[in-house]
Amino acid sequence: MQEKLHTLFAAALLWAAVIIPAGAQTSPPHPAEIDPAIVEYGAARERIGANLKAALEQCEKQVEPARAVCVKEAQGRQKIALAELDHQRSPSDANARRLAETRVAVNYDVAREKCNERQGGDKAACLSRASEEESKARAGIKTGQ
């Protein structure tokens, strides 16, 4: 039984040696082969993530409901920064529209969070204003203004 296992193992090793060429080991690319634009894009994404982390740490020092607004604002800044980065990387009408839509959505989310601090009719009026402003902004995006 053990001879059979050894034979199977040897056959598997031989098969792997045939299938996987000796040069198939991956090594890191030579620095001259790395595209600087890709490196900068990655570094920018890391900076955006670090900025979010720092902002969220500052938010933790606040008390509710200001903390919730702070978190929404920090997350919104991250979303906008990522959309701006994508638009800078590959400018197009689609990316410009996506950036504009992201800004509108973030502004609406922050406005709603601020409205949640209010009570009763004041809260309802605030939410209504936020919704109207969002609708106007989205209409402006569709018309290209």
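Leaving aside neighbours within four places in sequence, N95 is in contact (heavy atoms within 4.5 Å) with D86, H87 and S90. N95 is buried, with a relative accessible area of 10%; buried means under 20% relative accessible area, with a 1.4 Å probe and protein chains only. Its place is in helix 4, where helices are DSSP runs of H or I with at least four residues, numbered from the N terminus.

This is a predicted model, in which local features need pLDDT of at least 70, side-chain atom pairs count only at pLDDT 80 or more, and totals for chains, interfaces and linings use all residues. Residues are numbered from 1 along each chain as its sequence is written, and side-chain values use heavy atoms, with hydrogens and water left out.

Helix 3 comprises the 24 residues 66–89. At 1.5 Å a residue, taken times one less than the number of residues, helix 3 should span 34 Å, and its end C-alpha atoms agree, being 34 Å apart. Its buried residues include V69, C70, A74 and I80. Among the elements covering the buried residues of helix 3 are helix 2 (36–60) and helix 4.

Two packed helices are described by the angle and the distance between their axes. The axes of helix 4 (residues 93–115) and helix 5 (residues 120–143) come within 9 Å and cross at roughly 175°; axes are lines fitted to C-alpha atoms over the stretch in contact, with angles from 0 to 180 degrees between N-to-C directions. Helix 4 is therefore roughly antiparallel to helix 5, the term for angles over 145 degrees. In this contact, residues of helix 4 including V104 and Y108 meet residues of helix 5 including L127 and A130.

Key: Helices (H or I, at least four residues) and strands (E, at least two) are DSSP runs, numbered from the N terminus. Angles under 35 degrees count as roughly parallel, over 145 as roughly antiparallel, 65 to 115 as roughly perpendicular and the rest as oblique. Buried means under 20% relative accessible area, exposed over 50%, partly exposed in between (1.4 Å probe, protein chains only).
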